[in-house]
Amino acid sequence: MAPLSKAGAALAALRDELSGAVYAPGDAGYDAARAGSRPAVIARCADAADVVRAVRFARELDLPVAVGGAVGHGGVMVDLRRMREVSVDPGARTVRVGGGATMSGLDRACRPYGLAAPGAPDPATGVAGFVLGGGTGRLDRAFGLAVDGLRGVELVTADAELIRVGPEAHPELFWALHGGGGTFGVATALTLDLHELPEFAATLLLYRPEHGPEVVRAFREAVERGPDRLSGTLLYLTGPSGSAAGELMCGALVTYAGGTEALRETAAPLRALPVADELPCAEALGLFDAPRGRRSLTSAECLSGLPDELVDVYCSLGERMPVPSGSRHLLFPQGGAVAAGPHDYPLPFRHAPWVAHPSARWEDPADDERARAWVREVRSGVAPWSTGAVPLALIGDEGAERLRAGLGVGNLLRLEKVKRAYDPDDVFRFHHGIRPV
C-alpha cells in the first residue's frame, strides 16, 4: 500500500481525470455504490478510457481490482453501470454489448429484430460476467452456451492497456475468456453471435409436493424425447400466490424457443397430472429474478443422468427445503447444443445432461445454519450421480478443489499460464481467481 500522501495525490488525480464519478469512504454516494463490499475506491466509469485510468490508479497504489461487488475490502471497484450501450447488427446477426449492460438491455435491443443471445434467467444479470464466466440459461439447449457465441472482447489488462481479443488477436487469452471469468482484465465490451428467435414461450405448472416424483419423471421424458428447443427447470419453491401461498410446492417451468402451440404440445404430459396452478410466461419467468437484500448460499452438482432412484432423492431433498423462504431447489437439463458445442474451452460441465442447483435464500440470521445445512445436504444427496464437474457461475467460493472441478485440471494449468502472461501480479484476483504460475 502506498503512503497516505501518495494515495491522496493519486485519488485527487483520478477524480480530475475520470469522466465518470469517483467515490471513497466518507463521500456522499459511497454507501449506495459499494454493492455490499468495502472498497478503498469506487470508479464509476463512463467509457473504456475511464477504465484504463482506474486500473492505472490501482497499479500505482498496488491495489487489487474487480468489477462490481466482488472486490474485497480495500480494493478498487470498477463500476461499469454507465457503460450499458447495446448495438445490434441484424445483417451480421451480431451484437456489441457494453461492459455494464444487463440481460434486460440485451433482450430489449435484440427483440425488435427477432434475434436473441443465450442469457441468464435474471434480467438484472450483467452480460459480461455471465458470458465470460460460462453462465447457463434457458436458450442453451437450442443455441449453446452464451460464451460459445463470443466473437471478441475489448479488455483492459493489468498493464492498463485496452486490447481487442479474438480468435486471431491474443488467441490464448481468447480461449481463457471462455469460462475463465473476470480474472484476466476488465471487459469493456463484448461482441456476440445472435440467433433467430421470433417467438419464445414459457409456462410454470405448480403441483402439490406429493406429486413431485411423477412431475419430475414426466418432465424428464418430455425433455429427452422432445426437440432441443424444449427446455426449462424443475424446482421446489414456496408457493407464490393463491391457495398455495407460503406452502411448499413442486414446479415445472417449461420453456420453448418457439411459439405457444409447440409449447402446449410438448407440455401435454405435464398438464395431464394434477396441476394446482399455472403461471403464464411473464409471471413465471419473473419468479426467477434474483431476490434483493436477502441472505443466500447457492451450489451445484453436474449429474450423469436422472434415473428413477435419483428422482426420488431429488424430491425428498426438496421436501426438506426451508419454507417459507425465497429458496429454490432447482434441477435443469443440458444436452442439445450445450453438449454439441466446442469442447476445447475450459467448461467441462457442458457434458453433463442434468444439473442440480440448490439455491437457499432467507431473511432471518437465525435460519443461517438450517439453510446452509440444506444446501450441503443436497450436494451430499446427489453425489452418487455427480460427474465431478461444476458450473462455476452457479456457486460461490467453495475452495481450490471445486475450482479445479469447474475448469478441469489440464485447463486450469493452461489458464494459470495465461494469467501469468497477462496478469503476473494478480491484480484481478476475485471471481474464482486463477493464480499466475
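**Second largest pocket**

The second largest pocket is lined by 26 residues, and Asp 107, Arg 111, Arg 138, Phe 200 and Leu 285 are those nearest its centre. A pocket is an open set of points on a 1 Å grid over the protein atoms alone, with protein on both sides within 12 Å along at least five of seven lines, and lining residues have an atom within 4 Å of a point. This is a predicted model, in which local features need pLDDT of at least 70, side-chain atom pairs count only at pLDDT 80 or more, and totals for chains, interfaces and linings use all residues. Residues are numbered from 1 along each chain as its sequence is written, and side-chain values use heavy atoms, without hydrogens and water.

- Helix H4 (103–110), strand S7 (115–116) and helix H11 (281–286) are the elements that give two or more residues to this lining; helices (H or I, at least four residues) and strands (E, at least two) are DSSP runs numbered from the N terminus.
- H4 contributes the most to the lining, with six residues.

**Aromatic pair**

- The ring centres of Tyr 236 and Tyr 314 are 5.7 Å apart with planes at 65°, so the pair is edge-to-face (centres within 6.5 Å, planes over 60 degrees apart).
- This pair links distant parts of the chain, 78 residues apart: Tyr 236 in strand S13 (residues 230–238) and Tyr 314 in helix H12 (residues 308–318).
- Tyr 236 is buried, at 0% relative accessible area, and Tyr 314 is buried at 2% (buried means under 20%, with a 1.4 Å probe and protein chains only).

Note on methods: On a 1 Å grid over the protein atoms alone, a cavity is a set of points where a 1.4 Å probe fits but cannot get out, and a pocket is an open set with protein on both sides within 12 Å along at least five of seven lines; lining residues have an atom within 4 Å of a point. Rings of Phe, Tyr and Trp (its six-membered ring) pair if their centres lie within 6.5 Å; planes under 30 degrees apart count as stacked, over 60 as edge-to-face and the rest as tilted. Buried means under 20% relative accessible area, exposed over 50%, partly exposed in between (1.4 Å probe, protein chains only).
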